[in-house]
Amino acid sequence: MAEKPVSEVLKTYKLAVSSGSCSGVFWRGDPFTNSKPKNNENWPKNGSILKGYQYLCKGENWLKVTEIQQVGTSGFQNVAEDNKWMGYDGGASNGGKWLHDI
């Protein structure tokens with residue numbers, strides 16, 4: 001991937017669907033290439049902590065996730081090689097804001 005992150009600073013966010021009744025968000029694939037994530041295992045539930053690097057693609061912010069800590073667990077799981085991405089916002093019809101500063 002030739003794209004560069006907005007910053008080399010590792011970002012940390014809490015995933016929480018802002019509206020609707022979703023219990024979390026399935027992984028997204030690479031927004032630059034449209035390639036799918038390796039799998040949808042361990043998709044983040046509301047309250048999970050995600051770490052990764054921020055990218056800008058077509059005017060929208062994306063997080064290339066490197067680690068996840070599921071809600072109710074301790075410790076992070078490395079997912080850096082699994083092509084797992086998360087949008088910052090699902091829009092009004094898809095749960096509103098997803099990634100929240102902590």
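This is a predicted model: local features need pLDDT of at least 70, side-chain atom pairs count only at pLDDT 80 or more; totals for chains, interfaces and linings use all residues.
Local features need pLDDT of at least 70 and side-chain atom pairs count only at pLDDT 80 or more, whereas totals for chains, interfaces and linings use all residues. Residues are numbered from 1 along each chain as its sequence is written, and side-chain values use heavy atoms, with hydrogens and water left out.

Strands are DSSP runs of E with at least two residues, numbered from the N terminus. Two strands are taken as paired if DSSP finds at least two bridges between them. Strand S3 (60-69) runs antiparallel to S2, to which nine bridges join it. Within this pairing, glycine 52 stands opposite valine 65 in S3. The hairpin of S2 and S3 has two residues between the strands, and lysine 58 in this hairpin takes a positive phi near 55°. S3 is also antiparallel to S5, with three bridges; here tryptophan 62 stands opposite glycine 87 in S5. S3 and S4 are joined in the antiparallel sense by two bridges, and isoleucine 68 stands opposite glutamine 77 in S4.

Burial is expressed as relative accessible area: buried means under 20%, exposed over 50%, and partly exposed in between (1.4 Å probe, protein chains only). Seven of the ten residues of S3 are buried, and the strand is thus mostly covered. A nonpolar core is defined as a set of buried Ala, Val, Leu, Ile, Met, Phe, Trp, Tyr and Cys residues joined through side-chain atoms within 4.5 Å. The largest such core has 14 residues, of which Leu15, Leu50, Leu63, Val65, Met86 and Leu99 touch the most other members. S1 and S3 each supply at least two residues of this core, and S3 gives the most, with three. Contact means heavy atoms within 4.5 Å. Leaving out residues up to four places away in sequence, the contacts of leucine 15 include Leu50, Met86, Trp98 and Leu99.

Rings of Phe, Tyr and Trp (its six-membered ring) pair if their centres lie within 6.5 Å; planes under 30 degrees apart count as stacked, over 60 as edge-to-face and the rest as tilted. The structure holds five aromatic pairs. The rings of phenylalanine 26 and tryptophan 43 are tilted, because their planes are at 55°, with the centres 4.8 Å apart. Both residues lie in the loop between strand S1 (11-15) and strand S2 (49-57), so the pair ties together parts that are 17 residues apart in sequence. Phenylalanine 26 is partly exposed, at a relative accessible area of 44%. A second pair, phenylalanine 32 with tryptophan 85, is edge-to-face, at 6.0 Å centre to centre and 70° between the planes. Phenylalanine 32 is in the loop between S1 and S2 and tryptophan 85 in strand S5 (residues 85-87), so this pair links parts 53 residues apart in sequence. Phenylalanine 32 is partly exposed at 24%, whereas tryptophan 85 is buried at 0%. Phe32, Tyr55 and Trp85 form one aromatic cluster.

A charge is counted as sitting over a ring if NZ of Lys or CZ of Arg is within 6 Å of the ring centre and within 35 degrees of the ring normal. The charged end of lysine 45 sits over the ring of tryptophan 43, 4.0 Å from its centre. For lysine 51 over the ring of phenylalanine 76, the distance is 4.2 Å.

Glutamine 70, in the loop between S3 and S4, is buried at 12% relative accessibility. A polar contact is a pair of N or O atoms within 3.5 Å; within protein, one must be able to donate a hydrogen and the other to accept it, and residues adjacent in sequence count only if both atoms are side-chain atoms. The side chain of glutamine 70 makes such a contact of 2.9 Å with the side chain of asparagine 42 and reaches the backbone oxygen of tryptophan 43 at 2.8 Å. Asparagine 42 lies in the loop between S1 and S2, is partly exposed at 25%, and has a positive phi of about 60°. Asparagine 83 likewise has a positive phi, near 55°; its place is in the loop between S4 and S5, and it is buried at 18%.

Key: Helices (H or I, at least four residues) and strands (E, at least two) are DSSP runs, numbered from the N terminus.
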